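Let's take a walk through a protein model together. Have a look at the picture first, and then we'll go from the whole chain to a few side chains.

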Amino acid sequence: MIESLKEYQIITQLQEGKDVTQRQIAKNTGLSLGLVNLLLQRMTEKGLVKIEKLNSRSLRYILTPKGMAEKVRLTCEHLKKSYAQISSLMEVVAAVVARAWRQGYRDVILYGPADEVLQILKIALAQQEIEYRFYRRGEEPPSGQFLFLVWTQEDEEKLAPDHHVVNILKVL
């Protein structure tokens, strides 16, 4: 799985950049140069990449049709896993809110960065017709009987001593 993600990153670089070097791939992906070299060799053996010698010092890496098909396969695999995680997160949000309501908490506050997780939480709450308020990290949270949903360790630690806090990603 992890290797296929790394291969996906390399395939993407090859598809996006003409005559991209191993060094450029390493820089753009955050992978080490040695790992890029090793993975390119393996991908060549699998028939995903073709190596063309430009001169005595330069190589060109060409994505083969099999390599393009592998990128599509990996993209679909990633989308399926992402959808499953989003569905799971939505179920967890519903369960956490229901439990909090049984404990007497009626108001939900989303507290954290404005990122992709926030967007998913907003959708999950809207689908269940649960009202909420959002406070960005750094804003002073209100005090009272609130359920705070957070998704970072930093925000959990900041709020936890004084508030009812659930780090939604830890519940998954």
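**From the whole chain to the details**

Of the 172 residues in the protein chain, 37% are buried (buried means under 20% relative accessible area, exposed over 50%, partly exposed in between, with a 1.4 Å probe and protein chains only). Keep in mind that this is a predicted model, where local features need pLDDT of at least 70 and side-chain atom pairs count only at pLDDT 80 or more, while totals for chains, interfaces and linings use all residues. Residues are numbered from 1 along each chain as its sequence is written, and side-chain values use heavy atoms, leaving out hydrogens and water.

Now the overall outline. The C-alpha trace of the protein chain spans about 70 × 30 × 20 Å along its principal axes.

Next, zoom in on a loop. Glu 129 sits between helix H5 (116-127) and strand S4 (132-136). Most residues other than glycine have a negative phi. Glu 129 isn't a glycine, yet its phi is positive, about 55°. Is Glu 129 buried or exposed? It counts as exposed because its relative accessibility is 73%.

Finally, the rings. Lys 122 lies over the face of Phe 134, 5.6 Å from the ring centre (the rule: NZ of Lys or CZ of Arg within 6 Å of the ring centre and within 35 degrees of the ring normal). As for Phe 146 and Phe 148, both are buried.

Definitions and conventions
Helices (H or I, at least four residues) and strands (E, at least two) are DSSP runs, numbered from the N terminus.
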